[in-house]
Amino acid sequence: MKPFIIANWKMNPATTQEAKSLFDSVKDGLSGIKNVDLVICPPFIYLAAFNSYLSIIKLGAQDCFYEKSGPFTGGISSLMLKDLGCQYVILGHSERRIHFKETDEIINKKIKAVVSAGLNVIFCIGETEAEKKKGETQNVLEVQIKRGLDGISAKEMENIVIAYEPVWAIGTGNPCSPDETRKAVLFIRKLISKIYPARILDNLRILYGGSVNSENVRDYFGKSGVEGFIIGGASLKPEEFIKIIKNIN
Ligand code: PGA
């Protein structure tokens, strides 16, 4: 499997022009690099500007409401995303859990809506610093997985990628060590193997996210058991982002 990289631009940049120039710089930097599966997740409003580039880079969204259409002011549906050429949707990100008060139950509804529209989910889970200090990491991951994936069939699970993103490592410059990441990844794999048939585990991709940069990325690959990364801050700096991809290769 090629390394799987998700660029999570979050609420950046401020203008379409800047977004286009960022996208173009990444696209140009990728020339000659074949061994990567890359998804860029810009804010919703920039998606349409990029859907002509889809042969090289896949598009993802950072959220999606669970209803298909109707009176849901401000909502964006999975069908709208699909129409724009999106193939992936990030769900369960801690910033959505914290700032938008998304619960496991809401995330579960969103996961169901996205997979039933035929899109893929990047399902984010991870503990806070306080939970880690109390030794609750595995409990937190277990609850988030069981509630988030409640009612998701094995067939639907084929379209779900799990991202381990400890909240304390996101945007802090304090990444989770490859050893600790490995422990979490093994725990996630064990849990999934109890819920789903073996073939799901064989094909399941688990990513790590949290302060990944061009200097530390190589440490994870191989050592931590992940198949790729979600990259936030560093995905907004094209040179650094391309360096990350080159360093994995
Ligand atoms: P970061 O963000 O790379 O800036 O830590 C990762 C994420 O939130 O997905």
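Student: How much accessible surface does the protein chain have, and what share of it belongs to carbon and sulfur atoms?
Tutor: This is a predicted model, in which local features need pLDDT of at least 70 and side-chain atom pairs pLDDT 80 or more, while totals for chains, interfaces and linings use all residues. Residues are numbered from 1 along each chain as its sequence is written, and side-chain values use heavy atoms, without hydrogens and water. By the Shrake-Rupley method with a 1.4 Å probe, the protein chain exposes about 11,700 Å², and the carbon and sulfur share is 51%.

Student: What percentage of the residues of the protein chain count as buried?
Tutor: Buried means under 20% relative accessible area, with a 1.4 Å probe and protein chains only. Of 249 residues, the share is 52%.

Student: Which backbone atom lies 2.7 Å from an oxygen atom of the ligand?
Tutor: A polar contact is a pair of N or O atoms within 3.5 Å. K10 reaches a ligand oxygen at 2.7 Å through a polar side-chain atom, and G232 through a backbone N or O atom at 2.9 Å. The backbone atom at 2.7 Å is a polar one of G171.

Definitions and conventions: Polar contact = N/O pair within 3.5 Å; in protein donor to acceptor, adjacent residues only side chain to side chain. Buried < 20%, exposed > 50% of the residue type's maximum accessible area, 1.4 Å probe, protein only.
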